[in-house]
Amino acid sequence: MLKPKYLRVLNLLEKGGKITIKGFTLAMSSDGKLGYLAQSTEQGEILMLLDIPLNTFIDWCNELEDKDIPIIIPKI
């Protein structure tokens, strides 16, 4: 049985992956903070912290299709 979608998304982000939800490309900072990628004219791609309630994040993840959440394959 698959884990809940929000846990699969968090696992993906924790491993350095990215995912698009609600038009935002989400990623995780090296210190474990959730954010979305944006473009800065001075710095290029930057991570803007995402400050939303946990239940909102879970709802967003539940709207994803299973095929939209990449599977992380561990390196041997």
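Which helix and which strands do the buried residues of H2 pack against? In this predicted model, they pack against helix H1 (5–14) and against strands E1 (19–21), E2 (24–28) and E3 (34–40).

**View 1. The buried side of helix H2.** Helix H2 spans residues 54–62, and Phe57, Ile58, Trp60 and Cys61 in it are buried. These four lie on the same side of H2, because they cover an arc of only 160 degrees around the axis. An α-helix has 3.6 residues a turn, so residues three or four places apart point the same way.

**View 2. The open sheet.** Four strands form an open sheet in the order E1-E2-E3-E4, and their pairing is antiparallel. E1 and strand E4 (44–49) are at the edges with a single partner strand each, so one side of each has no neighbour in the sheet. On average, neighbouring strands of this sheet are turned by 50 degrees against each other, direction ignored.

**View 3. Strands E1 and E2.** E1 and E2 run antiparallel and are joined by 3 bridges. Ile19 stands opposite Leu26, a residue of E2.

**View 4. Helix H1 across the strands.** H1 lies across E1, E2 and E3. Its direction is at about 65 degrees to E2.

**View 5. Val9 and the largest nonpolar core.** The largest nonpolar core has 13 residues, of which Val9, Ile19, Ile21 and Leu26 touch the most other members. H1, E1 and H2 are the elements that give two or more residues to this core. Apart from neighbours within four places in sequence, Val9 is in contact with Ile19, Ile21, Phe57, Cys61, Leu64 and Ile69.

Note on methods: Residues numbered from 1 in each chain as written. Predicted model: local features only at pLDDT ≥ 70, side-chain atom pairs only at ≥ 80, totals over all residues. Heavy atoms only, no water. Buried < 20%, exposed > 50% of the residue type's maximum accessible area, 1.4 Å probe, protein only. Arc of directions from axis to C-beta. Contact = heavy atoms within 4.5 Å. Core = buried A, V, L, I, M, F, W, Y, C linked by side-chain atoms within 4.5 Å. Pairing = 2+ DSSP bridges. Axes fitted to C-alpha atoms, helices over the stretch in contact; angles between N-to-C directions.
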